[in-house]
Amino acid sequence: MEAILDIIRRFRPADGEVLRIDGAAAEPFAAVDPRKLRIEAVAGASARIVVLHTAADMSVVEVELGEEAQLELTELFTAEAFAEVSVKQAARSRCRLTTVQLSSANASYRIDLDGADAENELGGVFLAAGEEHCVLKLHTVHNVADCRSDSYVKGVAGGQAVGEFCGMVYVAPDAQRTDARQQSRNILLSRTARITTQPQLEIYADDVKCSHGATVGQMDAEAILYMRQRGLSEAQARRLQIEGFVGDVVTRCGIEPLCGAILERAAAKIETL
């Protein structure tokens, strides 16, 4: 945790309730335990923002992207926070969200694609151990034509932990040529752990490319056996497999020092699963 905090302290603090981005911000912004935060990126602006939850509290984050604005938002949970994030995107805007739950947490995301050629990408990970309960809800709304969304959520649960993913992609009647993808992949590490996943599509346009899928399974026994035959212990083999499973999502955050620190913290959490 200290490594993550040390990195975040180097970023520009987002201490107020409103963060307005007028141009290309080279240095990332950081908000720690925000109760309420509104992020406004004007047309053509770009920024990277980290939101860290270290306390059991409520949080509301509102994001509004102007035309051709670009935003990378990384949200990290190390405490049992309840967070609501809403994103509204104008034409040709780009938003990439990375959300990582390393403790019990409840995160809800609402994405509205309101302008043509807007694009949203969300990568999510939750790691639940003991009796933890992780919840990730996602509602992506394609309100106009020619927009794209891609969500990729992975969950790992051990002990008596519970994980939940509920995803909805809504395509409005006039949102022709929508391209929407949604996938949920999950691993159970014990017989008492439980993960429920509900990817859903609600489509009212006829010229679309939409897909969704979900899997819940055990670890790859053959891969573990292969690694053990090459000298690794079972614990080492399990850790490597889970690191590879969640690593491709964690490393999407776009801030290299922070990605490494989050992956290290996730690897430590894996030891407890």
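This is a predicted model: local features need pLDDT of at least 70, side-chain atom pairs count only at pLDDT 80 or more; totals for chains, interfaces and linings use all residues.

Q: What makes the pair C253 and C259 a disulfide?
A: The S to S distance between C253 and C259 is 2.2 Å. A disulfide needs two cysteine sulfur atoms within 2.5 Å, so the pair qualifies.

Q: Why is the disulfide of C253 and C259 called left-handed?
A: The torsion about its S-S bond is about -125°, and therefore the disulfide is left-handed.

Q: Are C253 and C259 buried or exposed?
A: Both C253 and C259 are buried.

Q: Why is C134 called buried?
A: Buried means under 20% relative accessible area. C134 has 0% relative accessibility, so it counts as buried.

Q: What about C210, which is in no disulfide: where is the nearest cysteine sulfur?
A: The nearest cysteine sulfur to C210 is that of C147, 12 Å away.

Q: Why is C210 called partly exposed?
A: Its relative accessible area is 23%. Partly exposed covers the range between buried, under 20%, and exposed, over 50%, so C210 belongs there.

Q: Why is S59 called buried?
A: S59 lies in strand β6, residues 58-65. Its relative accessibility is 2%, and the limit for buried is under 20%, so S59 counts as buried.

Q: Which residues is S59 in contact with, leaving aside its neighbours within four places in sequence?
A: S59 is in contact with P34, R35, H53, F82, A83 and E84. For P34, the backbone oxygen lies 2.9 Å from a polar atom of the S59 side chain.

Q: Why is S86 called partly exposed?
A: S86 is placed in strand β8, residues 82-89. At 27% relative accessibility, S86 falls between the 20% and 50% limits, so it counts as partly exposed.

Q: What is S86 in contact with, leaving aside its neighbours within four places in sequence?
A: The contacts of S86 are V61, E62, V63 and R110. As for T251, 165 residues apart from S86 along the chain, the two C-alpha atoms are separated by 23 Å.

Note on methods: Residues are numbered from 1 along each chain as its sequence is written. Side-chain values use heavy atoms; hydrogens and water are left out. Helices (H or I, at least four residues) and strands (E, at least two) are DSSP runs, numbered from the N terminus. Buried means under 20% relative accessible area, exposed over 50%, partly exposed in between (1.4 Å probe, protein chains only). Contact means heavy atoms within 4.5 Å. A polar contact is a pair of N or O atoms within 3.5 Å; within protein, one must be able to donate a hydrogen and the other to accept it, and residues adjacent in sequence count only if both atoms are side-chain atoms.
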